There are 2 protein chains.
Amino acid sequence: MVNEELTTKLKEVATLIRYYILIMTTEAGSGHPTSSLSATELMACLLFGGIFRFDVDNPKFPNNDRLIFSKGHASPLLYALWAAAGKLREKDLMTYRKFGSPLEGHPSIVFPYVEAATGSLGQGLSIGVGMALNAKYLDKLPYRTYILLGDSEMAEGSQWESMQLAAHYKLNNLVGILDVNRLGQRGETMYGWDLDTYQRKISSFGWKTILLDGHSISEVLPAYEEALHANDRPVMLIGKTIKGKGISFVENKNGWHGKTLNKEECDRALKELGEINKSVRGEISLPEDMKPKEQLSKTLLKSVDYPADKPVATRKAYGNALVRIYPQFPDMVSLDGEVSNSTYAEIFKEAYPERFFEMYIAEQNMVGAALGLSCRGKVPFVSTFAAFFSRAFDQIRMSQYSDPNIKFVGSHAGVSIGEDGPSQMGLEDIAMFRTISNSVVFYPSDAVSTERLVEEAAKHYGLVYIRTTRKETSILYNQAEKFTIGGSKVLRKSKKDIATVIAAGITLHEALEAYEALKNEGVFIRVIDLYSIKPIDEATLLDAASSTKSIITVEDHYAEGGIGEAVNSALATYPVPVHSLSVKRKPKSGKPQELLDYEEISRTAIIKKVKELI
Amino acid sequence: MVNEELTTKLKEVATLIRYYILIMTTEAGSGHPTSSLSATELMACLLFGGIFRFDVDNPKFPNNDRLIFSKGHASPLLYALWAAAGKLREKDLMTYRKFGSPLEGHPSIVFPYVEAATGSLGQGLSIGVGMALNAKYLDKLPYRTYILLGDSEMAEGSQWESMQLAAHYKLNNLVGILDVNRLGQRGETMYGWDLDTYQRKISSFGWKTILLDGHSISEVLPAYEEALHANDRPVMLIGKTIKGKGISFVENKNGWHGKTLNKEECDRALKELGEINKSVRGEISLPEDMKPKEQLSKTLLKSVDYPADKPVATRKAYGNALVRIYPQFPDMVSLDGEVSNSTYAEIFKEAYPERFFEMYIAEQNMVGAALGLSCRGKVPFVSTFAAFFSRAFDQIRMSQYSDPNIKFVGSHAGVSIGEDGPSQMGLEDIAMFRTISNSVVFYPSDAVSTERLVEEAAKHYGLVYIRTTRKETSILYNQAEKFTIGGSKVLRKSKKDIATVIAAGITLHEALEAYEALKNEGVFIRVIDLYSIKPIDEATLLDAASSTKSIITVEDHYAEGGIGEAVNSALATYPVPVHSLSVKRKPKSGKPQELLDYEEISRTAIIKKVKELI
């Protein structure tokens with residue numbers, strides 16, 4: 001039986017929340033009041049019904065329960081909840097959506113009670129999967145992760161990726177709250193109020209499901225209680241709700257998505273709410289005072305030795321590096337999309353199986369979960385083929401708004417993968433990762449620099465992309481060589497240089513071959529290893545530009561957004577011609593060297609271009 | 001009862017197919033023989049068991065059944081099937097994966113029996129959805145679309161997007177064939193041989209399911225027969241199969257994914273196959289001689305008039321344009337991701353509901369389905385928020401390898417959307433679409449140019465991206481103005497220009513304001529509307545570079561891969577400084593003008609930059 005006193009109080013709190021939702025959105029003149037009103041009881045009961053455990057004065061406390069609004073447009077509800085909890089004043093709410101306010105249109109981490117930025121639908125559940133994996137398998141903490149989901153966003157495939165993985169890992173600490181208010185942005189959702197279909201689909205993915213009336217406190221509270229006792233699987237509360245609930249003239253009406261009430265309508269709505277007790281405050285239970293499980297200190301491993309005469313694929317050096325550096329970075333975890341024997345994440349998996357998560361072929365959820373792990377202080381290294389990160393571009397894009405500390409590692413870059421053909425070739429990955437604010441983009445050319453750059457990536461708090469190569473490549477550096485974020489290496493240099501060839505990865509080896517051939521003809525070029533594509537070593541590029549007549553960039557990537565454009569941008573105000581050699585013809589199957597020649601990014605093309613400049 | 005003679009023949013054909021698979025992969029030295037062997041009976045029965053209807057001499061015939069290998073790595077099986085059908089010789093197979101061969105590592109449209117390029121997993125079903133939508137709702141043809149699916153790829157969320165949409169549109173002409181061989185690339189899949197779980201999941205998504213032994217001809221043939229008679233829903237055959245079936249020493253063994261037999265192993269394997277009848281040929285039934293339903297000719301609509309003094313959002317002009325041009329382009333269809341009242345695809349939907357498909361919030365499937373429609377001769381206009389196309393980057397990337405004729409239209413570009421905040425802001429869409437080979441990227445600034453560019457997009461066979469703006473913008477052009485792919489407009493020009501400001505979309509209006517302010521101070525700038533970002537108008541840019549002292553680009557987009565880099569690339573070998581104004585600070589909620597100012601891409605920033613150059 002639900003406590004009557006509590007029910008009465010929750011009703012009062014829900015009314016106050018509705019009041020806040022209405023006044024803040026009407027003041028803002030934009031936002032989603034109706035999508036907030038439908039989930040009011042679902043959220044009020046969670047936070048203030050004794051379920052949620054959270055130290056409101058310490059939002060970063062490791063054992064706090066986590067709450068993510070996957071339906072980020074219900075942000076008015078989120079802010080109203082924290083106002084009802086006493087952490088925001090009514091006048092704070094009136095800054096909603098205004099320039100400089102932490103109360104942004106969609107949840108932003110500027111507001112301290114937001115775990116991760118949302119607003120692109122279908123991402124909250126995957127972030128929650130990362131947080132729940134952390135609680136169950138890494139930090140070994142009893143906190144729970146709650147995700148408020150919209151019914152429209154259940155159409156996103158990413159949701160089902162998250163659901164299958166959550167069930168696979170038996171995340172009984174993960175609770176979804178599905179707010180089935182029937183109406184999407186432009187009309188009814190695919191299933192309307194057909195809760196049985198949701199239940200059938202979700203339970204077929206291995207979740208426990210609980211159907212309920214999402215506005216009935218006496219149904220919502222026991223549902224959460226039941227969710228607390230799931231022992232082998234995640235739980236989804238599937239609540240039938242009414243969009244605009246509480247305001248008769250918007251309830252369950254199409255045309256009210258993302259629309260606010262004007263002043264008169266708002267006044268009318270407030271009258272319908274009846275008496276508002278502005279002094280009532282929702283109380284949130286404190287969590288247990290528990291800290292993450294201590295990581296055992298591990299013995300530092302010696303570096304793998306890379307004999308100068310034995311080519312090694314950089315993807316393999318990546319796997320070696322992970323194992324080597326883990327003792328220094330005990331928060332590291334490795335996630336891989338069912339290709340760990342290609343990316344060589346498997347080397348780490350074999351050494352530290354408890355720090356490795358098989359994420360299967362579901363890149364969107366993999367990236368979302370990595371963000372969730374990052375939010376909980378872990379350092380995820382996320383690997384798949386470079387090409388397949390394009391599958392998760394929206395998740396990568398969104399992660400930048402949540403202060404991520406994620407390392408993406410894409411193998412099988414470029415046409416040099418050979419016979420598998422264009423579907424497997426990463427040819428736009430540099431462009432994609434360069435667009436992310438403050439990202440670091442590394443492209444090592446040999447095993448030694450890979451080892452060093454993986455280490456630099458781990459040291460750096462932020463989003464890093466490392467591009468590795470399928471083919472074995474010669475060792476260029478000795479173990480003592482230093483590599484830094486924003487650095488480069490001038491590998492060949494003389495006073496007679498007539499051009500600078502800038503390359504990285506596979507094409508650097510082509511550039512070095514071209515250098516030798518040209519030298520034999522008495523032609524000298526400077527050769528730069530641009531291992532840090534972003535940030536870029538402007539000083540070295542400017543020096544090369546001023547001392548050689550021209551710049552040639554060579555990359556196993558499409559021209560747009562790649563090394564050529566990065567170099568061009570760095571030299572945009574310096575008058576030097578930049579010639580870009582890049583993948584320009586439709587790639588196909590073939591031997592790596594055939595394809596490098598075909599695309600005119602091999603030694604032959606470099607030599608030809610240099611000679612044109614003489 | 002299954003015909004005994006047919007069964008005997010199919011067994012012979014299956015053996016021949018296995019022979020082909022083995023010899024071609026061993027010769028190539030790479031490829032996926034075991035993933036091909038598991039689906040041999042499933043495919044042999046489909047093609048040669050009287051089910052599949054296809055004019056083998058006319059692969060483009062509109063009423064052919066369609067077959068897509070979503071598990072594209074099983075390409076050896078695909079080529080072996082067509083060899084068994086007599087359309088490839090054994091010596092053709094020996095070119096598999098070699099440079100210049102149409103038999104690429106993953107299916108490529110260079111091979112005429114490939115409907116669409118595959119190889120990035122989890123995409124075939126969505127392409128099939130497009131083809132099936134076309135058959136049922138547009139061409140009104142009885143052809144069926146068959147998709148061979150791998151079990152590993154069922155982890156991709158895109159599969160479930162396709163499944164839900166196929167059920168929603170009651171695509172009883174779509175048949176999936178799920179090859180449950182238990183083993184993925186690096187070990188067992190999430191569900192192994194748990195066929196019941198697959199059945200539960202798939203049927204919960206509204207599909208008819210048929211479980212079967214995928215190697216038993218007497219089970220496979222009746223299953224296809226049953227699939228022919230589905231009347232209200234798509235059908236999934238869920239076949240239990242054995243990876244490497246037929247070759248004892250690789251059957252059901254881990255470590256044999258993507259691995260070929262060496263010469264000795266191949267000889268051993270061929271012995272196990274027993275007698276091979278190289279003269280047996282699989283026969284494929286002919287389709288009915290039916291043509292697509294004729295499109296009724298429609299009355300040409302008069303252009304919408306845009307009074308010079310009344311601002312209109314380009315997204316709205318997009319909707320108007322679709323309606324206006326449809327009679328000229330009767331193959332057009334419109335697809336939208338549940339935001340048609342924001343992208344204004346709804347204007348078209350209201351005029352031509354039968355040519356509009358609601359694709360719900362599932363962008364990956366939307367793009368895949370668009371490719372399927374394009375493959376069947378339609379001209380899909382696909383709309384959502386610019387930001388959310390990042391959700392489907394892999395599908396967009398893959399589509400370029402299938403000769404696509406797709407128009408993508410992204411609304412709500414840039415920080416100028418205002419209060420909704422960064423999750424809804426397209427800030428990397430130009431970069432993304434520029435990476436696609438031969439893509440066209442348009443960015444209109446007013447309603448008139450939008451109308452013209454939508455028309456240019458429809459006329460052009462290829463992949464086009466059009467970026468529209470949320471905010472209303474002033475009318476700049478009169479109706480007679482011409483716009484072309486690769487063109488630009490010099491809007492302000494004098495002999496005294498000290499710099500050229502290049503902009504498009506919202507920032508063009510800022511540039512024009514800056515022009516006026518500077519003119520009042522006696523400072524003159526050239527202003528160019530770069531409405532075609534790709535291809536780019538090099539001649540006009542070079543002329544501007546040579547006649548003004550410097551170039552300033554201004555864009556409501558991140559710097560990387562955007563207008564600045566496009567212009568820089570076009571001028572890479574011309575010595576002119578290019579200054580890029582772009583979104584560089586973390587975006588937030590606020591009024592459009594506040595955000596343009598904050599990011600220093602407004603008139604103020606332009607004026608400041610011009611003055612720095614004096």
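Start by selecting helix H8 of chain B, residues 195-204, where Leu195(B), Thr197(B), Tyr198(B), Lys201(B), Ile202(B) and Ser204(B) are buried. Buried means under 20% relative accessible area, exposed means over 50%, and partly exposed lies in between (1.4 Å probe, protein chains only). Helices (H or I, at least four residues) and strands (E, at least two) are DSSP runs, numbered from the N terminus.

This is a predicted model, in which local features need pLDDT of at least 70 and side-chain atom pairs count only at pLDDT 80 or more, while totals for chains, interfaces and linings use all residues. Residues are numbered from 1 along each chain as its sequence is written, chains are lettered from A and ligands numbered from 1 in the order in which they are written, and side-chain values use heavy atoms, with hydrogens and water left out.

**Around H8(B)**

Which elements cover the buried residues of H8(B)? From chain A, they include helix H7 (157-168) and helix H8 (195-204). From chain B, they include helix H7 (157-168), strand S3 (174-180), strand S4 (208-213) and strand S5 (235-240). Contact here means heavy atoms within 4.5 Å.

Show both chains. Two copies of a chain are related by a rotation about an axis and a shift along it. Here a rotation of 180 degrees with 0.0 Å of shift along its axis superposes chain B on chain A, with an RMSD of 0.0 Å. That is the relation of a two-fold axis. To find the axis in chain B, select Gly157(B), whose C-alpha is the nearest to it, at 1.8 Å. The same surface serves both copies, since 100% of the contact residues of chain B recur in chain A. The superposition is by least squares on the C-alpha atoms of residues with pLDDT of at least 70 in both copies.

**A loop in chain B**

Move to Asn231(B), in the loop between helix H9 (217-228) and S5 of chain B. Is Asn231(B) buried or exposed? Asn231(B) has a relative accessible area of 62%, so it is exposed.

**Chain A as a whole**

Chain A holds 22 helices and 19 strands. Its C-alpha atoms fill a box of roughly 90 × 50 × 40 Å along the principal axes. Of its 614 residues, 69% count as buried. Among contacts in chain A with a separation of 6 or more, 78% come from residues 24 or more positions apart.

**Stops in chain A**

Select His229(A), in the loop between helix H9 (217-228) and strand S5 (235-240). With a relative accessible area of 60%, His229(A) is exposed. The C-alpha of Val441(A), 212 residues away along the chain, is 44 Å from that of His229(A).

Thr469(A) comes next, in the loop between strand S12 (464-467) and strand S13 (472-473). Thr469(A) is buried, because its relative accessible area is 1%. What does Thr469(A) touch, leaving out residues up to four places away in sequence? Ala313(A), Thr314(A), Arg315(A), Ser416(A), Tyr443(A) and Ile506(A).

Finish at helix H22, residues 603-613 of chain A, where Ala605(A), Ile606(A), Ile607(A), Lys609(A) and Val610(A) are buried. These residues pack against strand S15 (499-503), helix H18 (506-520), strand S16 (525-529), strand S18 (551-558) and strand S19 (578-583).
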